Amino acid sequence: MAIIFKPSPSLPPPVTSVGAVAWVRQNLFSSPLNIFLTFFSIYILYLLLPPVVEWALINATWEGSSKAACTAGGACWAFIGVYFDQFMYGLYPEAETWRINLAVILLVVMVGAFAIKTINKLYLSIAIIVAYPIVAYFLFAGGVFGLEVVETSLWGGLFLTVLLGVIGIVASFPLGIVLALGRRSEMPIAKSVCVVFIETIRAVPLITILFMASVMIPLFLPEGLNFNKLLRVLIGITLFSAAYMAEVVRGGLQAIPKGQYEAADAMGLTYWQSMILVILPQALKLVIPGIVNSFIALFKDTTLVYIVGMFDFLGRIQAANHDSNWLGTTIEGYAFAALIYWVICFGMSRYSMALERKLETGHKRN
Amino acid sequence: MSDKTTPSNNSFLNDAGNRALIFQILLLAMVVFAGYYLFSNLQANLDNRGISTGFSFFNEPAGFPILIHLIEYTEANTYGRAFVVALINTFVISLLGIILATIIGVIMGLARLSKNWLVARLATVYIETLRNIPLLLQMFFWYFAVLAALPAPAQSYEFADFLLNKRGIYSPNPITQDGFGLVIVGFILSIVASIGVIVWAKKRQTRTGLWFPAYWASLGVIVGITFIFLAMAGFPIEFDLPTKSRFNVTGGMVLPPEFVAVLVALSTYTGAFIAEIVRAGILSVNWGQTEAARSLGLRDSMTQRLIVLPQALRVIIPPLTSQYLNLAKNSSLGAAIAYPELVAVVMGTTLNQTGQAIETIGLCMLVYGSLSLSISVFMNWYNNKMSLIER
């Protein structure tokens, strides 16, 4: 009878090298310093988390119509509930807020339509970039088809913040590209005009630009010609953001090898053809993170319009904090504002990461 | 002999050089025209409103108080003096902010790279939270929600000789007595001596290869010599302690809540950005460098200090510069919570009282422009010093 060699089943690895125990040992208690840091972190969490959870969730009051309703000792979220419409729409007449909602739904539907394969993307883009702003403007401002006129001074809240952010982003992007191309141009006058513009704007804080927009622009215009404060602030924000965008795009342009420019020239492409068809698609893809970072910065910077007297989202929160019926709800207001800003900005940065991966064509060196 | 085969006007416009020339002449004409148009409008508008241009208002009494002033200032002083006070406030907050933000940023950047899972997570949460919330909101939070919620002076929190209440942070105020000059002499001497120690240590290391803890030693020299001179002069410092009364605090040195809120918000916010820069810089150094250093027998601390950090700094410095610039420019947000910096004093109060829009806004832009320029010149110099010298 043949003897068959039967190895005994191998022993499981020691508990200290796999599984949860090993993970804890390696990641939390690998050295004396690490042990100290772990306990220190746990102590900080112990100090912070329980009171915050207790305040924000357990002892919170969710409903009520004045501060008197908040007796549990925790957060008074009823404040947010009462002021919610003002935070969203500012002083926009309550009967007309459906117009803002409609415009937002329209935009979401149009952007969502990109996912449908049978739709012509070119026409859709034109509809969004050209037709939509006109429709949205008349929806917001009114004055046609029997829509009541709503002065821009009544626009406010998150609506104004998003409006400033979106228009600033959409307008500053092409302007930034043109400035970046101008700065890289071989024409000395065009180049110096762009350099002076970019460097001047980048050297000063946005707040001075906004002051300029609200105080100085009227001085530079002929008597009698004056335009809306919202428009002036928008111009200020756009110019400011365009200068930063230009520097980001320039970084991308510089990273494109010379061979690409030469190859485009050798194909007989004109300057604009070579830029639009060859250089920019590559350059912009390289700098997606930078572009999105400037978008996020722009979105956060829209809060500064409060300083020149416009009541955006943060401005409305600040105003609501002064309501004598709701004294002592400052933290709730700021927490709500922080949450909304955080979700939007963090969402943008995550989206940029996804976009980067989607457009990745494998030329990246690793 | 004329060339009749090619139409001349066509070839002229088809020439790239000519087209560039025409385009640029048009552009220049547009810029000059726009400038002239705006300037003439400005002249007309100023004449209509009876505003005289120029900085003569700088010699007139300002008539408004400034809460925080490091140099002597009263309402009777001139606008010029108010401008200087505001300028100093902007510089102070920017400088302190830069220092604090760098410290926070380095700590948080290293923490996010930590092998300790919990520490890395906490640092990530800190960075991702602060980076994605507007700075103005954070300033409001610190000023209106945290500092305003502190108790009144009578119920101040006390730590040793420090007081904390809604009027600010009070600390003992050192008052120098006679004989303090001797201590200053001692301090200068100690700095000279410490530089001597560093130079000597470097020379010895090049000669013999022996290493000497020069920086710790020089720190000891500074502290030691200064202390000896302090003792010799008989400790010529007295502390004016803050004491609380029913409604107020007397004595001591105070950091007003406006100052604290701006400083904390600026440094924690910018610190989160710097942390990401530090992390990216350290990650950019090839792992092979660390392995090579280890195989040469360097200790971990020396590997970090002598091999990884100098190489990481090359990647870190350019974006760090722009963060410093951002911080200096963002200090202007202090205007929103009444910290009397440049924008608040010059573009706020002075502009409102005098109506000199062009001068005040222009002056502010000029100051921020030169502040930005000086920071970037300094950082460029430092960057050149640190950058790789290739063969």
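Two residues are taken to be in contact if their C-beta atoms, placed from the backbone, lie within 7 Å. Helices (H or I, at least four residues) and strands (E, at least two) are DSSP runs, numbered from the N terminus. The structure is a predicted model, in which local features need pLDDT of at least 70, side-chain atom pairs count only at pLDDT 80 or more, and totals for chains, interfaces and linings use all residues. Residues are numbered from 1 along each chain as its sequence is written, while chains are lettered from A and ligands numbered from 1 in the order in which they are written.

Chain A contains 14 helices and zero strands. The C-alpha atoms of chain A fill a box of roughly 110 × 75 × 45 Å along the principal axes.

Within chain A, helix H8 (206–220) packs on helix H9 (residues 229–255). Their axes come within 9 Å and cross at roughly 145 degrees. Axes here are lines fitted to C-alpha atoms, for helices over the stretch in contact, and angles run from 0 to 180 degrees between N-to-C directions. The crossing of H8(A) and H9(A) is right-handed. A crossing counts as left-handed if the near helix is turned anticlockwise from the far one by less than a right angle, and as right-handed if clockwise. From H8(A), the residues A:Leu206, A:Ile209, A:Leu210, A:Met212, A:Ala213, A:Ser214 and A:Ile217 take part. They meet A:Lys229, A:Arg232, A:Val233, A:Ile235, A:Gly236 and A:Phe240 in H9(A). By class, this contact has nine nonpolar, two polar and two charged residues. Ala, Val, Leu, Ile, Met, Phe, Trp, Tyr, Cys and Pro count as nonpolar, Asp, Glu, Lys and Arg as charged, and the others, Gly among them, as polar.

Chain B has twelve helices and eight strands. The C-alpha atoms of chain B fill a box of roughly 95 × 65 × 45 Å along the principal axes.

Four strands of chain B form an open sheet in the order E1-E2-E3-E8, with antiparallel pairing. Strands E1 (157–159) and E8 (253–255) of chain B are the edges, and each pairs on one side only. The twist averages 20 degrees from one strand to the next. Two strands pair if DSSP finds at least two bridges between them. E1(B) pairs with strand E2 (residues 162–165) over three bridges, and B:Tyr157 stands opposite B:Leu164 in E2(B). E2(B) also pairs over three bridges with strand E3 (residues 168–171) of chain B. These two strands form a hairpin with two residues between them. Here B:Leu163 stands opposite B:Tyr170 in E3(B). B:Tyr170 also stands opposite B:Val254 in E8(B), where E3(B) and E8(B) pair over three bridges.

Two helix pairs of chain B were examined next. The axes of helix H5 (residues 135–146) and helix H8 (residues 257–284) come within 9 Å and cross at roughly 140 degrees. H5(B) is therefore oblique to H8(B). Angles under 35 degrees count as roughly parallel, over 145 as roughly antiparallel, 65 to 115 as roughly perpendicular and the rest as oblique. The crossing is right-handed. B:Trp142 and B:Tyr143 are among the H5(B) residues in this contact, and B:Val262 and B:Tyr269 are among those of H8(B). The contact has ten nonpolar, one polar and one charged residues.

Helix H3 (residues 79–112) and helix H10 (residues 300–330) of chain B pack at about 140 degrees, with axes 9 Å apart. H3(B) is thus oblique to H10(B), and the crossing is right-handed. B:Ser94, B:Gly97, B:Ile98 and B:Ala101 in H3(B) meet B:Tyr324, B:Leu327 and B:Ala328 in H10(B). Five of these residues are nonpolar, two are polar and none is charged.

The contact between the chains takes 41 residues from chain A and 45 residues from chain B. Elements giving two or more residues to the chain A side include helix H2 (32–58) and helix H14 (330–359). H14(A) gives the largest share, nine residues. The chain A side divides into 29 nonpolar, ten polar and two charged residues.
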